[in-house]
Each structure stands twice: as structure tokens, then as C-alpha cells.
Amino acid sequence: MPIASQLNSPIREPPPSHISRHRSDTFIENNAIDRFRQITNAESNNIAPEDSKNGDDHSYDHRDINAYRRKVGEIVHDERFDVFILILIAINSALYGVATFPSMKQNADLISDFEKVDLAILIVFTIESSMNIFYEGKRFVRDGWLMFDLIIVLISWAATKVKSLQVFRIFRAFRFLTKVQMLRNVVVALFSVVPAIAAITVLLLLILYIFSVMYTQLFKNFFEEGYTTVNYFGRLDLTLFSLFQIMCLDEWSGIAYEVGEQDYWAWLIFIIFVVMSAFVVVNLIIAVICDALQILRKAERAMLFGLSEDEAGEWEAKDNNSNEQVQTEEGRIQQRINDMHRMLDEVVASQEKMHRTIQYLSIVVNSQETKNLSSGSKVMQ
């Protein structure tokens, strides 16, 4: 049988999942590649693909492994399996929080039970990573999310042997990033705007340094002279920390009031720094992240419809305009329907008047005919 006709045969695809949607395309692609290799290997040995399992051919083991791989792929991409792993991640994360309670630390039996449950969950995570490695093969190392899962599992196993690393077991909660699509999109967006965020961070550090030098020169003796209760601006490092506190809007007004009692004009410098750091720069970072999410949305739409990012952006703008036009058109249609209802009511009223008029004319005509007949009968007599 030709290869092309066999490649067109249906491929078993796992049920759609909103959780593992990012790997469904990989699943289909891997199945297609496995099927192609299976068919080409069988034809190279002059054996029909559907009959290669019946003989004692050396390709039997390879085909059998491919069948197992496809079965494993169906399991790891199944929505129920992903939900099960998510539940385990949530339980494991909650247990680490419970383990910090004093009553938990003082009970040896509870600690032993906790370690057993933690080990059982870690074994399940290890089996999941092993199944992904078996199914993906060499493609496993090219999937950053799967590699992230594997690194977390390896760190967890190292924590079971090295006591000082046990604090890093809570890193398993990061596996939510690999399982939840919305969280994954946020992480991808953050990494895509790292250069822009780095530039804004450099600008923020420059602002902090300039104002730190200025504040240190202006107010370095205020604590020694008793004008402030804390040494906010005695040295450059103390000033940097104080300005960071002011940038976070953490009780900055109290610092400003203490300094302003001695120098009334100091409030102007504080307000300028707060506006430049807390409002302008921080909002710039938020704007860059929002822009990255918008770009990511365009990229996803471009991949979905086979468009470039510019075409996807134009398509999205047209879609928004069409939605507004649809709303406007819906209003116009509703107005037309209302007008038609009024016209129909007028037609019905006109028909009723016409019906009454016809009835009246019929009565008049019948009456006139009756008079004519009676007068004719009298003439004949």
C-alpha cells in the first residue's frame, strides 16, 4: 500500500483538553511521524505494514515499541490524567503549608505520615516524567515545560537525600505553570519582554541613584540632630533602602512629615520622586507586560488561522470593528422591526375599517335591491 494513502488513515487523537491544549498539536505530529517511520520501515523490508506483526521479522519489536509509545502518549495527553496530576500538585502544596504548623512539627507520627505521602506523590511525578520521556524521545529536550517538570522532580529526589535541600521541595508548586494555560501564557509574555523590562529597570536604578545622592547630601545629618526617629539618609546604602520603601509607598508620608518639619520645601522632592518611581516607571512595566500579552494573543491567533502576526492584528481589529458594526446593525434591524410592527398595525386597522365599510355598503345595496323588487312588483300588479 502506498505510503501517502496510509498516512491519510485516521490517527487516534486524545480527547480535547483546555489544560493540555499546548501539547495536542505535538501529540498529533508525533503520531504522524511515528506512523511514517513505521510504514517506511515495513516497506523497506518488503512487508506490508498491516502484516508485519504476523511474521518473525526484526521490525516487529520496533513496531511494538511504537504502539506502546502511542498508547503512553494517549495517557499523558488525556485530560483526566492532567486533572489527576493537578490535584496531586494542589494536595502536595497544601501539605507543605500544613507541615509548617507547630503541632505538626511536634508530632513524630504525623511527620512520618507526611513523608510517606510526599514520597508517594513524588513517585507519581517521576512516573509521569518517565512516560513523557518514553513518548517524546529526543523531542523531550526541546520542550522547555517538560524539562522544567523534570528538573523539579530531580531537585525533589535530591531533597530526600540532602536535608538542607528539603526547603526546595515546595518548588513542586511551580508545576502549576506547566499545567495551566493562562499561567503559562503569563510566563511566556514575561520572558518575551525581558529586554524592555531590563531597560525600564535600568531607568529605575538610575532614578534611585540620582535621588539617593541628592537625599544623602541634603538630609544626612537629620538623625544626628534629632529631626528624624530613624537614620533614613545617613549613608548612601541607607538612603537607597529608604527610597525603595518610599517607592513602594510604605509609610512614606511619615518620613516626609519628619523631614518637612525641618525643611518645609522637602515635600516637593518627595512628591517628585514618588511620581517618577511609583507611578511612571511601575506603570511602564505594567504596560509592557500587557502589551506582551496582547502580542501573545495575536501570535496564538496567527498560529490558529495560519496568518502572520501583522495579519492577525489586522484581523483582530477588523473583528472588533465588525462587532461594533454588528451591534449598530442590530439596532437598525430592531428599529426596522418596530417600524414594520407599526405599519402592520396600521394595515390591520385600515382593513378593519374597510371591512366595516364593505358591510355597510352591502347592507345598503341589499336594501336598495329589496326596494326595487317591491316597487317592480307593485307596477306589474
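**View 1. Contacts of threonine 239.** Leaving aside neighbours within four places in sequence, threonine 239 is in contact (heavy atoms within 4.5 Å) with Ser212, Tyr215, Thr216, Tyr232 and Phe233. The model is predicted: local features need pLDDT of at least 70 and side-chain atom pairs count only at pLDDT 80 or more, whereas totals for chains, interfaces and linings use all residues. Residues are numbered from 1 along each chain as its sequence is written, and side-chain values use heavy atoms, with hydrogens and water left out. Threonine 239 belongs to helix H11 (residues 236-247); helices are DSSP runs of H or I with at least four residues, numbered from the N terminus. With 0% relative accessibility, threonine 239 counts as buried (under 20% relative accessible area, 1.4 Å probe, protein chains only).

**View 2. The ring pair of tyrosine 96 and phenylalanine 114.** Rings of Phe, Tyr and Trp (its six-membered ring) pair if their centres lie within 6.5 Å, and the count by this rule comes to 12 aromatic pairs. The ring centres of tyrosine 96 and phenylalanine 114 are 5.8 Å apart and the planes stand at 75°, so the pair is edge-to-face (planes over 60 degrees apart). The pair links distant parts of the chain, 18 residues apart: tyrosine 96 is in helix H4 (residues 79-98) and phenylalanine 114 in helix H6 (residues 108-136). Both tyrosine 96 and phenylalanine 114 are buried.

**View 3. The ring pair of phenylalanine 222 and tyrosine 227.** Here the centres are 5.3 Å apart and the planes at 70°, so this pair is edge-to-face. Phenylalanine 222 is buried, at 7% relative accessibility. Tyrosine 227, at 31%, counts as partly exposed (between 20% and 50%). One aromatic cluster includes Phe222 and Tyr227, with Trp265 and Phe270 also among its members.

Notes: Helices (H or I, at least four residues) and strands (E, at least two) are DSSP runs, numbered from the N terminus. Rings of Phe, Tyr and Trp (its six-membered ring) pair if their centres lie within 6.5 Å; planes under 30 degrees apart count as stacked, over 60 as edge-to-face and the rest as tilted.
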